[in-house]
Amino acid sequence: MCMPRLGFLRQAPRTLLAAGIIFAMAHLGAPSVLAQSPTYGVGRLPTQAEFKAWDIAIGPDGRELPPGSGTAKAGKAVYDAKCAVCHGPTGKEGPQDVLAGGKGTLNTPKPLKTVGSYWPYATTLWDFTNRAMPFNAPGSLTPDEVYAATAYVLYLNGIVGETDIINARTLPQVKMPNRDAFVPDPRPDAGKGAKAGNEKAAARK
Amino acid sequence: MATTTPHDPTSPEPSRRRFLKRVTALGAAMVAGAARPGVGTAQSPAAADKPAPDDPTKELGSPVRPYGQRSRFEQAVRQQFPTKTNESSWTFTPLQDSRGIITPSALHFERHHAGVPDIDPAKHRLMIHGMVDRPMILTMDEVRRLPSVSRIYFIECSGNGLTEWAKPTAKGVQGTHGLTSCSEWTGVPLSLLLKEAGLQKGATWLVAEGADAAVMTRSIPMKKAMDDILVAYGQNGEAIRPEQGYPLRLVIPGWEGNSQVKWLRRIKVVDKPYMTREETSKYTDLMPDGTARQFTFEMEAKSVITYPSAGQKLPGPGFYQVTGLAWSGRGKIRSVEVSTDGGKSWKPAQLQEPVLRFAHARFTFPWKWDGQEAIVQSRCTDETGYVQPRLADLVKVRGVNSVYHLNAIQSWKVAAGGEVSNVHA
């Protein structure tokens, strides 16, 4: 694919660069920001408040998890009030995604993919609940409520105890039962194309 | 052409009714739009409309208008899958009515996880941070000032065809294949933005996040990001439609639709995948042995005959131009073959120019139907030499519960009476 050559502006006439700098200064009001955009001079440095508000993605090491904590015991109230209507009283009834049960079904004709039977990381449950749940009021739970609801769903699956404290330190340490069942993409894997495609794929890697 | 609603074997109607009853407790907001008019039903020209004049040359036409619309006689619409909510749902492109390779923006398939957000572009921001030397926030005006490219790419949901693994289910090509669409996308190469931010050593992945109510998030390998991903704001010559990610989205040539985060607001550069819900719980492919394939980004080569296809009827024996679409997430379509005898024999189809990498390609095949029952199929080969497999070949390896990435040869049965139906052959 043809990409624009990033170097061309470096060879641009000085007047153009000067105009850009003047524009940037007027626009951003902070000469120190000039160092942030060496080629095109657009954008500005995010504020600490912006970082804090937006940096919500939680990876498996839990680095970005906020302070707070919860137990399954505390989580039952959160779950009953805000989750049960869609996921059922014990996480097994639906009508929306079934959260509990399904253990031992993945290699059967009727696999049941739940948090307990399928999800490889407990941090994913915290992250998704925090960003997208409840469905009709996304992002409305406090960190303590998310920790507690997470603990409760893990408890419903027999993964943590009722009084285990789930927080930024303990959540990433929860070992999900299905963690090791995920494998990389082996395709092409089927039909006449598998062999030809595999050779090409191998050549690309 | 008649449109039909695909039947969802996993969501029988009674449970949907039960659900709607229960969910009432959550308040009207959540089910608003449950009976949205125009979704999944073809709208015929309103009966109250006056008929078109017998001779349009004898009557003054309509005045000019600021934003055009199609003829009131055109009825092709997207069709909704019977999901439990209308916000976490999807609609299919009416491929049976498609012409050429471009999908009209208004008919591009939809997949939303928490509805379509209402975003003011003046307030929208893109933040790039993480393992970069110069974290930055950009306005839409700033994004649009940067050097841009326009490319024609298909986007296909990896769930396209999910009802078809075990038995033929959908009643037409809209239901079997309508989760693919093709547009011209305009935007800034992501590599440009990442170079601008200055990648740090060890930056091997990025996390892309949307500004919808699901705050949809996917992890993307840096190698692809530096290759050909676009941060797009244009679709078919105008701003991207709200359903497609207005004002800004990722377009990732050849990769599953879900990874092409819509309503893009944030890119965090990281050193490992973040294992978001959409790349663990969903969009992973369960195998018969209980293992699950993860990060199955590429959409493998696929083709389908759009005419004649299920739900249509051939009026009688004689000449027909068989036509359809072929595409590959590994690049360009090299050839398409058509069989009219259930795969016993194959003949080359004509590929219509242009044939572009990561885009729908249109093929045609002249056929003289003798009026006897026939099974018509298409099979494509891409530039890597990969040949579209038979369904049995896929099922042999993957079973019938992997949900995603069904790219098998599609069979349509033309009955002696001319009726076309969806079959496994």
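Which residue of β15(B) is the bridge partner of A:V183? In this predicted model, local features require pLDDT of at least 70 and side-chain atom pairs count only at pLDDT 80 or more, whereas totals for chains, interfaces and linings use all residues. Residues are numbered from 1 along each chain as its sequence is written, and chains are lettered from A and ligands numbered from 1 in the order in which they are written.

The partner of A:V183 is B:R293. Helices (H or I, at least four residues) and strands (E, at least two) are DSSP runs numbered from the N terminus. β3(A) and β15(B), the latter spanning residues 292–293, run parallel and are joined by two bridges; strands are taken to pair if DSSP finds at least two bridges between them.

The contact between the chains involves 55 residues of chain A and 70 residues of chain B, two residues being in contact if their C-beta atoms, placed from the backbone, lie within 7 Å. On the side of chain A that touches chain B, at least two residues are supplied by each of α2 (48–54), α5 (122–132), β3 (182–183) and α7 (193–204). The largest share, six residues, comes from α5(A). By class, this side of chain A has 32 nonpolar, 13 polar and 10 charged residues. Ala, Val, Leu, Ile, Met, Phe, Trp, Tyr, Cys and Pro count as nonpolar, Asp, Glu, Lys and Arg as charged, and the others, Gly among them, as polar.

Chain B contains seven helices and 24 strands. Of its 425 residues, 51% are buried (20 or more other C-beta atoms within 10 Å of the residue's own). Among contacts in chain B between residues at least 6 apart in sequence, 72% join residues at least 24 apart. Chain B is divided into domain 1 (125–289) and domain 2 (302–423), with bounds from an automatic or database domain assignment. The centres of these two domains, taken over C-alpha atoms, are separated by 28 Å. Their contact takes 27 residues from domain 1 and 25 residues from domain 2. β6 (149–156), α4 (173–177), β7 (180–189) and β14 (285–286) of chain B each supply at least two residues of the domain 1 side, which by class has 16 nonpolar, eight polar and three charged residues.

Chain A has a mean pLDDT of 84, and 76% of its residues reach 70 or more; pLDDT is the predictor's confidence in each residue, from 0 to 100. Over residues 1–37 of chain A, pLDDT stays under 50. Where pLDDT is low, the predicted coordinates should not be read in detail.

How values were computed: A residue is buried if 20 or more other C-beta atoms lie within 10 Å of its own, exposed if 12 or fewer, and partly exposed in between; C-beta atoms are placed from the backbone.
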